[in-house]
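Work through the exercises below with the sequence and the structure at hand. Each task is followed by a solution in steps.

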Amino acid sequence: MDRIRILGGKPLIGTILIGGAKNAALPLLAASLLTSKTLRLTNLPNLADITTMVHLLAELGVSVSRPRNESNGRHVARTISLTAAEPKEKTAPYNLVRRMRASVLVLGPLLARWGEARVSLPGGCAIGTRPVDLHLDALRSLGAEIELEEGYIRAIARRGLKGNKVHFPSVSVGATENALMAAVLADGETIISNAAREPEVVDLAHCLVAMGAKISGVGTDTLSVSGVSQLDGAEHRVIPDRIETGTYAVAAAITGGDVLLEGSHLGLIGAVSDTLSKAGVAVTKEHAGIRVRRQAEHTLGTDVMTDPYPGFPTDMQAQLMALLSVSRGASMVTESIFENRFMHVPELCRMGADINVHGSSAIIRGVPELSGAPLMATDLRASVSLILAGLAAKGETIVNRVYHLDRGYERVEDKLAACGADIERVTEDQE
Ligand code: EPZ
């Protein structure tokens, strides 16, 4: 199993190219099931989760054409064409869904297009129990009959889905995406209220509109959909990854560096840039992207609570905590989305951080310095927070189980090393 070895203490200086958003690309890939025509996606990130989704779509009978990446210097063209002419399978099997919960995003499109779907129930995961009741209730509102049998969700809509009111009692990104993908092919009008407003949901809606869907209210918490009988093909560019952007912004801040996050834009990271500004980090718009630099010798502690967009993203909570661990003063971080998303805390404490967790809040008392240590990654964002801590720590940090990292960060060690970090991947056969 690969590990990442870091020798901390080097300021990051340079340019980091931000890739396409994993969490936008996953539902966009699933949307290919909605049409017999070709959906062409560009700016696709090269990540393990994307490979898993493409593999699942191929199992379902989607023909996938992925030209070899042509590299012109640092920029790599990443395009995929997907054509779902006829289904080979309407079952998303356990062995793929258990690897990635986002596989459940094929449920709405399969059901809308073919009137039936069988998708393995995703289990809990490291960050929480993560049920799918909101997805199922939304599809039931659109007329699907849903049963749970032998660990599978079996959904049927023999005479097609019917537009209806879908109200979410709490905000869910994935359930909004599933409901939207189902509603675009349903008969009649659907109003989705208390919908998630994340940029990834907006990106999906834009792609669906390009495919011929009729959606209004995009970007608000109420989506109105007027169902159409079929969708066309389209070409769509995946938005930049706001979590990758925020992660490298913290990397610049925690090392006292100065980094240009190329290809990203401030509109995607409002709450993160506000929080970083309060902590004493300059986050400014540049022609080519966003420039991030620490303004003083130390960053300052600040309080933050995670919330659905436009609030502070839960997917940035662990990374911010690494920064607050070495910021002057005390901070309180409250996690309101997932019940078990503090697994990075014991690992940060092993590096000398002073963090106490009380229920869903963590009190962080900034320490002058962290010290390198061998660490265990537990999930994607926790893993990267340990890398960030390692970049700032004195001495050597080894982060084990980096396969979590490869699910969501492309060539993290290369991107950081190109800005002066002393970081390398150690593969098993090197040891
Ligand atoms: C998406 O997950 C992201 N994944 C997550 O990214 C992100 O952390 C999360 O949204 C919140 O922003 C993808 O987009 C592929 P939710 P999702 O449904 O859609 C509860 C990462 O690191 N809930 O918005 O699964 C749920 O348990 C990750 O890239 C129900 O109770 O998240 C959670 O507490 C991991 N019932 C809350 O809602 C449901 O049916 C929000 O989850 C669905 C969700």
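**Exercise 1. Describe the sheet that contains β20, and the helix on it.**

Step 1. The strand order is β20-β21-β23-β22, in an open sheet of four strands with mixed pairing. Helices (H or I, at least four residues) and strands (E, at least two) are DSSP runs, numbered from the N terminus. Two strands pair if DSSP finds at least two bridges between them.

Step 2. β20 and β22 (354–358) are the edge strands; each has a single partner strand, so one side of each is left without a neighbour in the sheet.

Step 3. β22 and strand β23 (residues 361–365) run antiparallel and are joined by five bridges. Within these two strands, I355 stands opposite I364 in β23.

Step 4. Helix α10 (residues 317–325) packs on this sheet and touches β20, β21 (330–334), β22 and β23. Contact here means heavy atoms within 4.5 Å. The direction of α10 makes about 25 degrees with that of β23. Axes are lines fitted to C-alpha atoms, for helices over the stretch in contact, and angles run from 0 to 180 degrees between N-to-C directions.

This is a predicted model: local features need pLDDT of at least 70, side-chain atom pairs count only at pLDDT 80 or more, and totals for chains, interfaces and linings use all residues. Residues are numbered from 1 along each chain as its sequence is written, and side-chain values use heavy atoms, with hydrogens and water left out.

**Exercise 2. Describe how α10 packs against α12.**

Step 1. Two packed helices are described by the angle between their axes and the distance between the axes. For α10 and helix α12 (residues 380–392), the axes come within 8 Å and cross at roughly 25 degrees.

Step 2. That angle makes α10 roughly parallel to α12. Angles under 35 degrees count as roughly parallel, over 145 as roughly antiparallel, 65 to 115 as roughly perpendicular and the rest as oblique.

Step 3. The crossing of α10 past α12 is right-handed. A crossing is right-handed if the near helix is turned clockwise from the far one by less than a right angle, and left-handed if anticlockwise.

Step 4. From α10, the residues A318, Q319 and A322 meet R381, A382, V384, S385, L388 and A389 in α12. By class, this contact has six nonpolar, two polar and one charged residue. Ala, Val, Leu, Ile, Met, Phe, Trp, Tyr, Cys and Pro count as nonpolar, Asp, Glu, Lys and Arg as charged, and the others, Gly among them, as polar.

**Exercise 3. Which residues of α5 are buried, and what covers them?**

Step 1. L134, H135, L136, A138 and L139 are the buried residues of α5. Buried means under 20% relative accessible area, exposed over 50%, partly exposed in between (1.4 Å probe, protein chains only).

Step 2. Their cover includes α4, β10, β11, β12 (165–167) and α6.

Step 3. With α6 (residues 173–183), helix α5 (residues 133–141) packs at about 20 degrees, the axes being 8 Å apart. The two helices are therefore roughly parallel to each other.

Step 4. L134, H135, A138 and L139 in α5 meet G174, A175, N178, A179 and A182 in α6. That contact has six nonpolar, three polar and no charged residues.

Step 5. Just after α5, G143 has a positive phi of about 100 degrees.

**Exercise 4. Which way do the side chains of β1 point, and which strands pair with β1?**

Step 1. β1 pairs with strand β26 (residues 422–426) over five bridges in the antiparallel sense. L7 has D422 as its bridge partner in β26.

Step 2. Strand β25 (residues 396–400) is joined to β1 by four bridges and also runs antiparallel to β1. The bridge partner of I4 in β25 is V399.

**Exercise 5. Is Q295 buried or exposed, and what does Q295 touch?**

Step 1. Q295 lies in the loop between β19 (289–294) and β20 (304–305).

Step 2. The relative accessible area of Q295 is 54%, so Q295 is exposed.

Step 3. Not counting residues up to four places away in sequence, Q295 touches G280, V281 and A282.
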